[in-house]
Structures are given as structure tokens and as C-alpha cells.
Amino acid sequence: MYHLMKVCFIFMSICGLNVSSLFWKEIFRVKNQTGMKVFDFWRMTNVHCGYNETNNLYRHDYIDRINKTCINVWYNMFNPGSGYYIKYTQTGQDEMSNNLELLLQKTPDYVPSSIRTEEFEQFLTNQGNYEYLNLKQDSSKIYTGIYFDPFDPANSPKFVYSPSGSPYTANTDPMTFSNIEIADQFVITLQMFDDCEFDARSQIQNSGPCPVPTIPTVYTSMTYVTTHPGATLNLDCSYDSIVDVSGVKWAFTDTNNVYREVNETTNSSKYGGSTNSTPSLTVNSFSQSDEGLYRCIVENFMGPGISSVINASLAPYVEPMCPCNCEYKDKLDFWAAQNQTNHTMEELREILAPVLQKLEKELKVDTSNLSSTVNKRISAKDSRPSAQKLGMLGIVFLSLIVGGIILVDITSLPRHCETAKNICTGGS
């Protein structure tokens, strides 16, 4: 059909018909069994695969910047030249989108005349293993389908069509259907207005081969991580995948070497995250039973990609330190901020004067309370017998001296009294 359109276009040009305002542009092609989902390939951004007739995959970067006003007709072709295609015309332009899935859910403006009974058709996407289905209303017949088996990507996708309809069974490989044609490729071609030709040119230089699907590459920024009992622990995970991922999960091996998968859906109070949009894992109320090795696993239809191991454990107990003396710390901060090279000696003496005076006052000692002063006034006790006898002898000796003096004074007392009496009586 595609080649027939080209012939018609050339014929109309030769005959002088007014077709110069339109041109054709193939923007997308996927061949049978190339291992790439059609919708995944369409959603890649700013990819322009080098074009030639033998390419199994081709994607023009015009997909990423589609100007719907430039499009006159949109053709979805199963095997160009076979005559089987689906067409969306300018009248349905408001429904056109750069999201291929949304577009293919719309009722087209044209399907082959043999099945042109719109009230008896349905147009579906993402039904089981089918990316796209054009079915009879009661789902008894399939007219068009794009099939992909994630467990057998090497033999997918498969493009099938049947103008008269083939008996359909949900999620079944269409190769088992009767009276159905296997298309070699699925092609999207646009009929565009001439003044939009610039928009249809590639904006990417040196276009090359299309990306090859691989398993996801999974990253984590963590190797060893510790936390305190009862804390919330976040385990980092990110990934790169050129095709859509089908799921994210975490594997856990505990300290007894027991392996299990983390189930965040049935234990949402314990775990969070671990989704396609948020692959990182959150472990709530971390405890000893949560210690072990964690791995992030991201899957697409090519298989699982696994991150490096994260060793998560409880932090060892640390004896609390004494509280900081904030006043002392403030002093340290103050003097650390002083740069001596910025001051002269006189300035330093002036700065330090109040501090030194305060220190001198705080360090001054009251000598009256010193033990050396107090001990001068206290006799030391000596309990030895010899010391006691010597002490007694000293007391007796001193007593005799004092007693002798008193005795001498007593014997001279009458004489003194007589003298005093004579003085009082006038000396007679």
C-alpha cells in the first residue's frame, strides 16, 4: 500500500493535479521478532535511528515534537503494500497525540472495507500480551493485533491482521489462530503539508543504529549503612532502562543467611517505596531482625537487573558524653577567631587586660585559710610515754618556778603592808 501511494502521488503530479501541498514522511517502523515492544520504542525520547530499507527498527525524532497541525493523514500500516492499513484523517486531528497508545484507542477514520462496521468493532491497547487489538465488539474475532510475549522476546513482537476476522482467544499467541496473516512489519507514515517540511527534518545530527533492549542497570549510592533502633532507614536505588520496567522489588538476606523478598504491599507499616517511580526502599522501626544484606531488583521483559549489596546494621552503642560547657565553648570560639597577626602588642595587652584581671582575682588565695597558717597555732599531739613524762616534768618545773615567785611575794607581803601603813599615817 505504501508503494502504491507513492505511485499515485507521482501519477497525480505528472497529470498536473494539485497535490504539491502534501508530502509523505515515514516516522516509525518495527519489524517482526526484533525483541522490542512497539510502545516502548515509541516512548524513547530524542532518538533518531539511521534510516534504510533493511532496518529492523526505525524511529524519527519528529515523534518527540509532533506538530499536529502539520499532519493531513496518519497511516498505521501492517505490511506496506498488503493493502491493510488504519487511517486517521485531518478531521480527527484533535484526537491525535504523541502518545501512540491513546491514539490507537480511538476509532479510526478508515479500516479496510471488508470490516468497515464501526458499531461492531473495538480498539484496545495493553490487553494481556497484546499491545494493540482491533476486535469484533463481542471479542469473538480479531482483525488486527500487535502481540508481545515478555517470556519470549526473541520471537516478539508479532503483527497480525485478518480482513475477514480470525477466531480470537485472549492472551494467546496469534500464530495459533486460523485464517490470519502475519505481517512482516508495522509502519507509521504521515501525509504532511508542504510548509511543515522543516518540522519533519531531524534535529539530531549523525543519527545511528537504534538502541538494543537490555536488562535494567541498577544503581545504589550505599555500601554500608547504620542506624539506631526504632529509626527509619532509607535504602537508595535508581535504574536505567531503555524499555519500560515491569516491576521493582528488594531481596533481603538476614544475619542467619536466610533469604527472602521484601513485601512492601502486605506489610506497608514496615516498608515503603519499592515501586517503578520510587525504587528506593524505606524500612520503618529498624530493629535487630532487619540487619542484613539488601539488593534492589528491577525487571523489564529482558530480565532482572540487580544492584550491588547494601549492608545495613544497627549502630554500636556509644556512652553519652558529658554535656558541653557552653560558656567555655564560647570562649574557645572567641579566641579561635582572634588572629594575632592583626593586632599589635599594645592592642593585645589592652584586649587581654580585663581577662587577666578577672583571672588574677579568681586565682588569688586567702592565706589565712591555708593549712601552713592554721598549723602554726596548733600543737601536735604526741602519745608516747617518754613524751608524756617529759611533759609532766616540764609542768612540775614550771610550777615550781611560778610557785617560788608567788611564795617570795607572799613572805614580803607583811613588810609591804607596814610600809603602806606608815605612808598613810604620815610617817610617824
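Trainee: Why is Cys-49 called buried?

Mentor: This is a predicted model, by the way. Buried means under 20% relative accessible area, and Cys-49 has 0%, so Cys-49 is buried.

Trainee: What makes Cys-49 and Cys-210 a disulfide?

Mentor: The cut-off is sulfur atoms within 2.5 Å. Theirs are 1.9 Å apart, so the pair counts as a disulfide. The link is right-handed, with 130° about the S-S bond. Cys-49 sits in the loop between H2 and strand S2, and Cys-210 in the loop between helix H4 and strand S11, 161 residues apart.

Trainee: And Cys-210, why is that one called buried?

Mentor: Its relative accessible area is 15%, and the limit is under 20%, so Cys-210 is buried.

Trainee: How do you know that the disulfide of Cys-70 and Cys-196 is left-handed?

Mentor: The torsion about the S-S bond is about -80°, so that disulfide is left-handed. Cys-70 lies in the loop between S2 and strand S3, and Cys-196 in the loop between strand S10 and H4, so the pair ties together parts 126 residues apart in sequence.

Trainee: What makes Cys-237 and Cys-296 a disulfide?

Mentor: Their sulfur atoms are 2.1 Å apart, and the limit is within 2.5 Å, so they qualify. Cys-237 is buried at 4% relative accessible area, and Cys-296 is buried at 0%.

Trainee: Why is Cys-417 called partly exposed?

Mentor: Partly exposed runs between the buried limit, under 20%, and the exposed one, over 50%. Cys-417 has a relative accessible area of 46%, so Cys-417 is partly exposed.

Note on methods: Residues are numbered from 1 along each chain as its sequence is written. This is a predicted model: local features need pLDDT of at least 70, side-chain atom pairs count only at pLDDT 80 or more; totals for chains, interfaces and linings use all residues. Side-chain values use heavy atoms; hydrogens and water are left out. Helices (H or I, at least four residues) and strands (E, at least two) are DSSP runs, numbered from the N terminus. Buried means under 20% relative accessible area, exposed over 50%, partly exposed in between (1.4 Å probe, protein chains only).
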